[in-house]
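Subject: The two-chain model, with notes

Hello,

Here is the structure I promised to pass on.

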Amino acid sequence: MGKVGIIGVGQSRFVRGYPGSIRELAFEGFKEAVQDAKIETKDIDASIIASAPEYDKQRSPAGVIAEYLGLIPQPTFYIESVCSSSSAALKVAYSMVKAGLHDSVAIIGFQKMSEISSSESQERMGRGADIQWESPFGTMMPAYYAMYAQAHMAKYGSRLEDLAKIRVKAATYGQINEKAVYRKPVTMEMFTDPESNMSATVAKPLRVGDCCANADGSSCIIVANEEKAKAMCDKPVWILGIGAASEAVNMAGRDLLTGLSVGIEAGKQAYKMAGVTPKDIDVAEVHDCFTIAEMMAYENLGFAKSGEGKDLIGSKETYKEGSIPVNIDGGLLSKGHPIGATGGSQIRTIVLQLRGEAGEMQVKDPEIGLVHNIGGVGLYGNVTILGR
Amino acid sequence: MTKKEVDDRFKKFGTVSFTAITKTNDFITYLEEGKVMGSKCKDCEAIFFPPRSDCSKCMQSNMEWFEVTGTGKLLSFSELKYGPVGFEDDLPYTIALLDYGSYKVFGRIAKDIPYEDLSVGMELKTRCNTLPNNQLNYVFTRP
């Protein structure tokens, strides 16, 4: 069986309060990917739409969006795994192409988080975990990640300033990414300045500056089988490895509190399938919904040993010029996190890097890239390894 | 003819309950009696907290209750400065996870322990708690 290649990528700008409907938002990422692939919609045999449905007013958005994008009568499917929906959709698309069911599939991820009111959004945030046993205690996403931060600090001696360094790095690149929602610099001083919003506590020990920026946005990845990819595309990027895992939704059901087991497991699968090791990765996108999440990702993916993530960021090895550049597009922290679009946006970033088309964000001549995309608080994990 | 009664005891659980009907409703009756209970599979002896009606290890549904007793080790915790809708009056509050060895319990730290006194590894016990809105939950407190 042949390889599966990525022949087109696109994403909308990530913004606060997108001035259009979800179908119009989805069109932006899709249009860019179709133009990037230099194909027509009739060349796409099936579509997968990915979002987190609790933010949508439209029931079953797949059919509505597929029609708007000109993708009927081809089949369309809907995939959801919260923040990793579009990476999960890529795995399904890969399977469909590999099985020979379709020659090419478009994955369209989107989220219009401003579709619902702020109070509706607050209400949904309370239901982000196990609604029977944990939500009645008043849980929120930042508080769960704060528990991971607390446990990581207690075990390994990582400090709040180590986390702040991750945000400073994200903001460094958010400023040069024209698609990013947060384009301002962030300094270490802001985290200790009571006048700065960045220093305000959200859930101890995490501060506003440790949390990602909500945004509206869309992304699109178009994949094709080897024959079609070579015929249609000058620079296809190949999917070398693709791993996925799940974990107990309950914190009480988890053994590891200093890392995300789904990141470790999905990473192992992807490395094995691709036949590479962490040392072979030239550029990576990891799921930095919170600063602690990026630090754990360094360790869970083998870029650093357990507990040594703080040294990796401390020595700036994850900056553009470092040994393992991570999130050189601003990451979720500064580029923004429109839930269903995030995985596709991460994949787009790595595809552009491997093609040498990342502009000011370009790292030096990467051959192999990795995408790490987490859904929920380590509930779902997806790791994808791409190569030229 | 009387209307069929619905067993919705679980709507009493927590500041805001999102579940009313579950086969584990007896958990609430035990809470009212001052007991925090987990479940144990009668067939394969697998232990579950939070409790469940069905065993994912042996695929049977013969559960019995056991009481959460003694102390557990504090694995982690976080104090929330912002809460979801319905939890505003509780703020600030601290969520936490205790390790009892063969199972773990997720809940809240009792209001009588200041955040500054908490540290990973300390021993705490679990006790039932009635919230200001008369709902029930359980909290972790000093042994």
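Predicted model: local features only at pLDDT ≥ 70, side-chain atom pairs only at ≥ 80, totals over all residues.

Residues are numbered from 1 along each chain as its sequence is written, and chains are lettered from A and ligands numbered from 1 in the order in which they are written.

**Where the chains meet**

Between the chains, 30 residues of chain A are in contact with 35 residues of chain B (contact: C-beta atoms, placed from the backbone, within 7 Å). On the chain A side, at least two residues each come from helix H4 (118-125), helix H5 (141-156) and strand S5 (201-203). Helices (H or I, at least four residues) and strands (E, at least two) are DSSP runs, numbered from the N terminus. H5(A) gives the most to this side, with 6 residues. By class, the side of chain A that touches chain B has 16 nonpolar, 10 polar and 4 charged residues; Ala, Val, Leu, Ile, Met, Phe, Trp, Tyr, Cys and Pro count as nonpolar, Asp, Glu, Lys and Arg as charged, and the others, Gly among them, as polar.

**The core**

The largest nonpolar core has 158 residues. Such a core is a set of buried Ala, Val, Leu, Ile, Met, Phe, Trp, Tyr and Cys residues joined through C-beta atoms within 7 Å. A residue is buried if 20 or more other C-beta atoms lie within 10 Å of its own, exposed if 12 or fewer, and partly exposed in between, with C-beta atoms placed from the backbone. H5(A) gives the most to this core, with 10 residues. Among the residues with the most contacts inside the core are Tyr145(A), Met147(A) and Ile221(A). Leaving aside neighbours within four places in sequence, the contacts of Ile221(A) include Ile6(A), Leu90(A), Ile107(A) and Arg348(A).

H5(A) is mostly covered, with 13 of its 16 residues buried. At 1.5 Å a residue its 16 residues should span 22 Å, and the end C-alpha atoms are 23 Å apart, which agrees (the expected span is 1.5 Å times one less than the number of residues). After H5(A) comes Gly157(A), with a positive phi near 70°.

In helix H2 (residues 61-68) of chain A, the buried residues are Pro61(A), Ala62(A), Ile65(A) and Ala66(A). They cover an arc of only 125° around the axis, which puts them on the same side of H2(A); the arc is that of the directions from the helix axis to the C-beta atoms. Their cover includes helix H1 (22-37) and strand S4 (104-111) of chain A. H2(A) is followed by Gly70(A), whose phi is positive, near 80°.

**Chain B**

Chain B has 1 helix and 8 strands, and buried residues make up 38% of its 143 residues. Its domain assignment gives domain 1 (9-67) and domain 2 (71-141), with bounds from an automatic or database assignment. The C-alpha centres of these domains lie 19 Å apart, and 13 residues of domain 1 are in contact with 15 residues of domain 2.

Best wishes

Notes:
Contact = placed C-beta atoms within 7 Å.
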